Amino acid sequence: MAGRRLDGGAERVVAELARRHWGFCPNVVPHLVEQLGPVRAVRWTMRASAIFDGTVRALGPIRTHLACVVISQINGCSYTTHGHAYALELHHLRQHDRLFPVDADTMAGWAGMPRTELRSRLRDALMNAGLHVELLWVDRTLALADGGQQPIDEHERRLAQLVSLFTTLTAVGIVGGPEPDQAH
């Protein structure tokens, strides 16, 4: 009984942190508390929010969400791919006054695709979006996610932190299977 109350309290805390951060409570919240436990879920959320916010400040929203999309796709999680692809679409529209050439549902369908095919599709999307230099960041993110590269500078250290965070988040998203929701 006490465990269920603690879980419910942790869900409310994590949900409130998410609402303050994104303006809504993501569908993954109950799964996060269930799989990580109440205390670890709250700690993880606070740490993840700080790392994510710092990364957005350092790399910008398009590059950060693109990295989150790549990591999610490599890990095979359509839930997190969709949320960050949707955010990528919105930031691209805001900054370039045109739609990103591939929508979030399509990119979520690429989750779990072999690396070479995924990179090819991302390359085409980025070229069509006029974001040529971002392909370099896709390659950096893939190398860090595969473990084939260690971070060599502060920006790559931030990407490596996202890889670590998304190892947890995508595992929760895959096991929990939440429905896609709003842009993260």
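1. Let's start with the pairing of α3 and α4, whose axes lie 7 Å apart and pack at an angle of about 130 degrees. That angle makes α3 oblique to α4. On the α3 side, the contact uses Phe 52, Thr 55, Val 56 and Leu 59, which meet Pro 61, Arg 63, Thr 64, His 65 and Cys 68 of α4. Sorted by class, this contact of α3 with α4 has 5 nonpolar, 3 polar and 1 charged residues. Please keep in mind, here and below, that you are looking at a predicted model.

2. The other helix pair I would point you to is α8 with α9. Helix α8 covers residues 134–146 and helix α9 residues 154–176; they pack at about 55 degrees, with 9 Å between their axes. This makes α8 oblique to α9. The crossing of α8 past α9 is right-handed. From α8, the contact draws on Trp 137, Arg 140, Thr 141, Leu 144 and Ala 145, while α9 brings His 155, Glu 156, Leu 159, Ala 160 and Val 163. In this contact of α8 with α9, 6 residues are nonpolar, 2 are polar and 2 are charged.

3. Just after the helix, Gly 147 has a positive phi of about 80 degrees.

4. Glu 134 deserves a look of its own. This residue belongs to helix α8. Is Glu 134 buried or exposed? Its relative accessibility is 7%, so Glu 134 counts as buried, the cut-off being under 20%. Leaving aside residues up to four places away in sequence, Glu 134 touches Arg 63, Leu 66 and Leu 126. One of these, Arg 63, also takes part in the contact between α3 and α4 described in the opening point.

5. Next comes α5, which runs over residues 78–96. Its 19 residues should span 27 Å at 1.5 Å a residue, and the 26 Å between its end C-alpha atoms agrees with that. The buried residues of α5 are Tyr 79, Thr 80, Thr 81, His 82, Gly 83, His 84, Ala 85, Ala 87, Leu 88, Glu 89, His 91 and His 92. What covers them? The cover of the buried residues of α5 includes α3 (38–59), α4 (61–75), α6, α7 (115–129) and α9.

6. With a relative accessible area of 69%, Asp 97 is exposed.

7. Met 107 takes us into helix α6. Its relative accessible area is 0%, so Met 107 is buried. Which residues does Met 107 touch, not counting those up to four places away in sequence? They are Val 69, Gln 73, Thr 81, Ala 85, Leu 88, Phe 100 and Val 102. Among them, Thr 81, Ala 85 and Leu 88 are also listed as buried in α5. Met 107 and Val 70 lie 37 residues apart in sequence, with 9.6 Å between their C-alpha atoms.

8. Ser 164 is in helix α9 and is partly exposed, at 39% relative accessible area. Gly 23, in turn, is in the loop between α1 (2–22) and α2 (29–36), and its relative accessibility of 59% counts as exposed. Gly 23 and His 184 are 161 residues apart along the chain, yet 9.2 Å separates their C-alpha atoms.

Key: Residues are numbered from 1 along each chain as its sequence is written. This is a predicted model: local features need pLDDT of at least 70, side-chain atom pairs count only at pLDDT 80 or more; totals for chains, interfaces and linings use all residues. Side-chain values use heavy atoms; hydrogens and water are left out. Axes are lines fitted to C-alpha atoms, for helices over the stretch in contact, and angles run from 0 to 180 degrees between N-to-C directions. Helices (H or I, at least four residues) and strands (E, at least two) are DSSP runs, numbered from the N terminus. Angles under 35 degrees count as roughly parallel, over 145 as roughly antiparallel, 65 to 115 as roughly perpendicular and the rest as oblique. A crossing is left-handed if the near helix is turned anticlockwise from the far one by less than a right angle, and right-handed if clockwise. Contact means heavy atoms within 4.5 Å. Ala, Val, Leu, Ile, Met, Phe, Trp, Tyr, Cys and Pro count as nonpolar, Asp, Glu, Lys and Arg as charged, and the others, Gly among them, as polar. Buried means under 20% relative accessible area, exposed over 50%, partly exposed in between (1.4 Å probe, protein chains only). The expected span of a helix is 1.5 Å times one less than its number of residues.
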